[in-house]
Structures are given as C-alpha cells and as structure tokens.
Amino acid sequence: MSKPTGAADGVDTAGRIRRLTQAALNADVTIGRVDGVAHEIGTSLDEFARVLGRFDALLDKFADGLDTFAGTVRSVDGVVGSLTAPEQDLDELLLRVGRIVETVDWLLTPATAVRHRLAGIRFF
C-alpha cells in the first residue's frame, strides 16, 4: 500500500491542515457571534441601567410623597387628639350656653307677650 502525498508515518498532513484550518475558521465565526451577542448584552445592560436609574428617581419621589403623607397623618392624629380631650369641656360649655338661653328666654317671655299684645293695638 502506498502512503498518501504528504503523509509521514501514516499521518495525512494536508487533511490535518484542512481540518485545523476549518476548525480555526469555525472558531473565528463563533467568536464573532459571541462578540455580537456580548455587544447586544452590553447595550441591553446600558438600557437597563438607564431605566433602573429612572425607576430609582421615581422611588425617591414616592418616598418623599410617603414622608409627606406620614406627616399629614401625624398632624391629623394631633388634631384629633386635641379634639377628644376638650370634648367634655365642650359638653359643659354647651350645657352652660343652654342654661343661659333658657334663663334669657324665661326673663324675656313677659316682655315678648306684652310686645305681641301691643302690636295688635292701633294707637292712631
């Protein structure tokens, strides 16, 4: 049997070089694809970072709104607390005003009756 051209000790050198060349070309194409995918991932990550930055700014505004709302709730709690304490004082004040009105009404009843009588009389 004869050896193929370029074969030394049973090794086909030309075939081996072709396979190595093809493997190198395949590796080069694969590396090019990986570079493309890596570039697209980088672009996507940049966009994600931008969106995340906007989201973070919105969260800061939301936190400020929550702080304002919490302050409002504390203020309302203070007002409600101050209203419940003098509620008894208010009841006492209303009772006193009621007594004053009853007393004035009792005192003015005779004068009101006389006025109604006089309104019905024609002097001229």
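Arg50 and Glu47 both belong to helix H1 (residues 13–84), where they stand three residues apart, about one turn of the helix. Helices (H or I, at least four residues) and strands (E, at least two) are DSSP runs, numbered from the N terminus. The model is a predicted one, in which local features need pLDDT of at least 70, side-chain atom pairs count only at pLDDT 80 or more, and totals for chains, interfaces and linings use all residues. Residues are numbered from 1 along each chain as its sequence is written, and side-chain values use heavy atoms, with hydrogens and water left out.

The side chains of Arg50 and Glu47 are joined by a salt bridge at 2.4 Å, N to O; the term denotes a side-chain nitrogen of Lys or Arg within 4 Å of a carboxyl oxygen of Asp or Glu. The structure holds one salt bridge. Arg50 is partly exposed, with a relative accessible area of 42%, and Glu47 is partly exposed at 39%. Here buried means under 20% relative accessible area, exposed over 50%, and partly exposed in between (1.4 Å probe, protein chains only).

The surface also carries patches, which are made of residues with over 30% relative accessible area and no salt bridge; like charges are joined within 9 Å, and nonpolar side chains (Val, Leu, Ile, Met, Phe, Trp, Tyr) within 5 Å. One patch, of negative charge, consists of Asp56, Asp60, Asp64 and Asp67. Lys and Arg count as positive and Asp and Glu as negative, while His and the chain ends are not counted. The place of a charge is taken as NZ of Lys, CZ of Arg, CG of Asp or CD of Glu. Asp60 lies in helix H1 and is partly exposed, at 45%.

A nonpolar patch is formed by Phe48, Leu52, Phe55, Leu59, Phe62 and Leu66, which together have about 620 Å² of accessible area. Such areas come from the Shrake-Rupley method with a 1.4 Å probe; for residues, only the protein chains shown count as cover. Leu59 is likewise part of helix H1, and its relative accessibility of 40% makes it partly exposed.

The protein chain as a whole contains two helices and two strands, in the order β-β-α-α along the sequence. Of its 124 residues, 2% are buried. Its mean pLDDT, the predictor's confidence in each residue from 0 to 100, is 82. Confidence is lowest in strand E1 (residues 7–8), at a mean of 52, and highest in H1, at 90.
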